[in-house]
Amino acid sequence: MEKDLENANPTILSVSELPSRRRKGPDARTGPDAGCDKIVFPRHHWPYGATSSSSDEDEDYAEEPLDEQDIYDLISPISDPEHPHTLGQLSVVRLPDIHITPSPTEVSGPNALVTVRVDLTPTINHCSLATVIGLAVRCRLERTLPPNYRVDVRMKPGSHDQDGQVNKQLGDKERVAAALENDALQAMMNKMLGGCD
């Protein structure tokens with residue numbers, strides 16, 4: 001017998017409707033004419049797991065600061081705990097609801113303090129798993145972003161009946177740490193983050 005879902009019929013976007021920079025990259029080429037590809041299509045060392053290189057050629061390319069699309073690409077593939085869809089497909093995370101301060105064009109250096117704020121929109125306004133979803137987004141970003149990035153995950157104002165209480169829980173580092181020590185919650189989070197690279 002299947003468990004009753006709180007929102008059995010959410011609006012679902014197809015993967016092709018989601019904004020993404022990842023799908024737009026060139027395919028890896030082989031052959032003699034592929035030797036210049038790293039000049040034409042320079043590698044981004046971060047955030048998608050490319051290994052660093054010590055070659056002089058790679059030092060010529062400075063890493064671009066992260067923007068909202070990069071953050072979206074990191075968190076949109078997180079699985080919803082109730083539905084067989086991602087947070088991006090369910091519009092729980094949306095590109096316009098990701099804010100970076102200072103803006104990527106104003107970041108003064110690689111170690112400048114940057115705040116990433118993500119406003120989540122639950123599929124229903126009384127979602128009992130809103131805190132779990134927020135924790136998954138927060139964990140994904142904290143595990144992936146460089147140490148000079150600060151993460152602020154919250155419910156979009158008016159999107160949840162108890163958005164103030166959920167936001168307080170998500171903003172309290174001690175509560176977050178205590179929640180992540182719960183084995184059942186940790187197993188759920190690992191399942192939710194399983195589809196992320």
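How many of the eight residues of helix 3 are buried? Seven are, so helix 3 is largely enclosed by the rest of the structure, where buried means under 20% relative accessible area, exposed over 50% and partly exposed in between (1.4 Å probe, protein chains only). The model is predicted, and local features need pLDDT of at least 70, side-chain atom pairs count only at pLDDT 80 or more, and totals for chains, interfaces and linings use all residues. Residues are numbered from 1 along each chain as its sequence is written, and side-chain values use heavy atoms, with hydrogens and water left out.

**View 1. The protein chain has seven helices and three strands.** Helices (H or I, at least four residues) and strands (E, at least two) are DSSP runs, numbered from the N terminus. Along the sequence they follow the pattern α-α-α-β-β-α-β-α-α-α. Of the 197 residues in the protein chain, 37% are buried. With contact taken as heavy atoms within 4.5 Å, 66% of the contacts between residues at least 6 apart in sequence join residues at least 24 apart.

**View 2. Helix 3 and its cover, which includes strand 1, strand 2 and helix 4.** The buried residues of helix 3 are Gln 69, Asp 70, Ile 71, Tyr 72, Asp 73, Leu 74 and Ile 75.

**View 3. Helix 4 (residues 130-144) is mostly covered, with twelve of its 15 residues buried.** From its first C-alpha to its last, helix 4 reaches 21 Å, close to the 21 Å expected at 1.5 Å a residue, the expected span being 1.5 Å times one less than the number of residues. The buried residues of helix 4 include Ala 130, Val 137, Cys 139, Leu 141 and Thr 144, and the elements that cover its buried residues include helix 3 (68-75), strand 2 (114-120), strand 3 (149-155) and helix 7 (183-193).

**View 4. Helix 4 packs against helix 5 at an angle of about 35°, with their axes 10 Å apart.** Axes are lines fitted to C-alpha atoms, for helices over the stretch in contact, and angles run from 0 to 180 degrees between N-to-C directions. Ala 130, Thr 131, Gly 134, Leu 135 and Arg 138 of helix 4 meet Val 166, Gln 169, Leu 170 and Gly 171 of helix 5.

**View 5. The largest nonpolar core has 41 residues, and Ile 75, Val 137 and Leu 141 have the most contacts inside it.** A nonpolar core is a set of buried Ala, Val, Leu, Ile, Met, Phe, Trp, Tyr and Cys residues joined through side-chain atoms within 4.5 Å. Helix 4 supplies the largest share of this core, eight residues. Leaving aside neighbours within four places in sequence, Val 137 is in contact with Ile 75, Ile 78, Leu 87, Val 93, Val 118, Leu 120 and Val 153.

**View 6. Val 93 and Asp 97 both lie in the loop between helix 3 and strand 1.** Val 93 is buried, with a relative accessible area of 1%, and its contacts, apart from neighbours within four places in sequence, include Tyr 72, Ile 75, Leu 120 and Val 137. Val 93 and Thr 121 are 28 residues apart in sequence and 6.6 Å apart in space, C-alpha to C-alpha. Asp 97 counts as buried at 5% relative accessibility and, with neighbours within four places in sequence left aside, is in contact with Arg 117, Val 118, Asp 119, Thr 121 and Lys 156.
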